Amino acid sequence: MESPIPIALLVGRELIITVANDPQLAVWGKGNDVFGLSLARAIPEMEGQPFLAILDEVFATGKTFSTNNTPANMVSNGVTRTVYFDFSFKAIRNRQGAVYGIIATGIEITQQIADRQALLLSEERYRQLSADLDRQIQERTRQLEHSIQDLRRSNENLQQFAFVASHDLQEPLRKVQQFGDLLRSQYSHLLGEGVTYIERMQSAASRMSTLIRDLLSFSRISTQRDTNGDVSLTTIVEAALRSLEVATDETNATIQLSSLPTVEGDHSQLEQLFQNLLSNALKFHKPGVFPHIQIKAGWVAADNLPEDVKPSRYAIAYHRIDIIDNGVGFDEKYLDRIFQVFQRLYGKNDYAGTGIGLAICEKVVANHGGAITASSQPGQGATFSIYLPV
């Protein structure tokens, strides 16, 4: 009677309910009125279910019957519900060995069955989600392959454009400049003030030629990369300074070069990077002041990078190379603008250029997994800081 498992004693072939503990009465849901009644009468919902026939066979044969995960429809307070049990029906014999009753026990496992079904449903949903994810991955992979093909075609078109820019577009400009030279040298005495227009035409053609060369350089930076070799930045800067010897001499500039690291990168791109930055430092000097340029290097851990520095490739640490000048400087509110193509802070009449040089610098640094930024105040020089992965 104290057992938590439902237990009942059914006596005689009619299966008279003689003993039942509280868990069994709770399963039946009929209260104490069932005692002294046959099982079929006390629990009418047993009709149409296999249990009465099984109990009768156990009474007749004396053989124990047990089953697991068996559903039973029970009516409690007028509500029919399906419960699951692990049943056991065992014959009880008298002293003469004759069967006189049955001990019926059952462990309700309705919640376990529900949990198991929920788990199976969850597993099925997981399989469906996994299959859907596989299909999505395959679809995204196909889309990525198409995008890669489109990118390859775009790069091929860009290379074709670069070829046209370096040959076909330059040829008409060379003729404009040549014929302009002929007009000025042979007919200047007849043209009078017209010589001024020829000079302006020559100047415009020269700027256009420079612009085409810079666009060609920018397109090559975007499509051609070989960043697998070790490159000494000291050697790179020295080569860039040799290319700028004329400008350095004309401006009486002094260059202070510290020891620079070796990085993994593309030699030609890195040389163009430093040549552009040094050329700007020489070009944007203050009138009447000799340019003084310092090139310093150090390193910074990734966790200590400035918030506005976002390298294109993660590394534990980065080389920081600073190019510091004493030139005209700029307002830092234009910092994002100076690294964009065709963006200029000063008029072309004040300082020559096409507005592509710093865009090329930004592209080179990004190609090498780094970042570039600058700090300045108007009239107080500028510092350009390059971060390259260690």
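A residue counts as exposed when its relative accessible area is over 50%. Keep that cut-off in mind as you move through this predicted model.

**Stop one: helix 5.** Select residues 170-191, which make up helix 5, and pick out L190 within that range. L190 has a relative accessible area of 62%, so it is exposed.

**Stop two: strand 12.** Next, select residues 382-389. Is this strand enclosed or open? Eight of its eight residues are buried, so strand 12 is largely enclosed by the rest of the structure. In a regular strand, side chains alternate between the two faces of the sheet. Colour A382, F384, I386 and L388 to see the side chains that point one way, then T383, S385, Y387 and P389 for those that point the other way; all of them are buried.

**Stop three: the neighbours of strand 12.** Show strand 10, residues 317-324, which runs antiparallel to strand 12 and is joined to it by seven bridges. Here you can find Y318 opposite P389. Then bring in strand 11, residues 371-376, which is also antiparallel to strand 12, with six bridges between them. In this pairing, A374 sits opposite F384. Strands 11 and 12 form a hairpin with five residues between them, and G379 in that turn has a positive phi of about 80°.

**Stop four: helix 11.** Finally, select residues 357-367. The buried residues of helix 11 are L358, A359, I360, C361, V364, V365 and N367. After this helix comes G369, with a positive phi near 80°.

Technical notes: Residues numbered from 1 in each chain as written. Predicted model: local features only at pLDDT ≥ 70, side-chain atom pairs only at ≥ 80, totals over all residues. Heavy atoms only, no water. Buried < 20%, exposed > 50% of the residue type's maximum accessible area, 1.4 Å probe, protein only. Helix = DSSP H or I, 4+ residues; strand = E, 2+ residues; numbered from the N terminus. Pairing = 2+ DSSP bridges.
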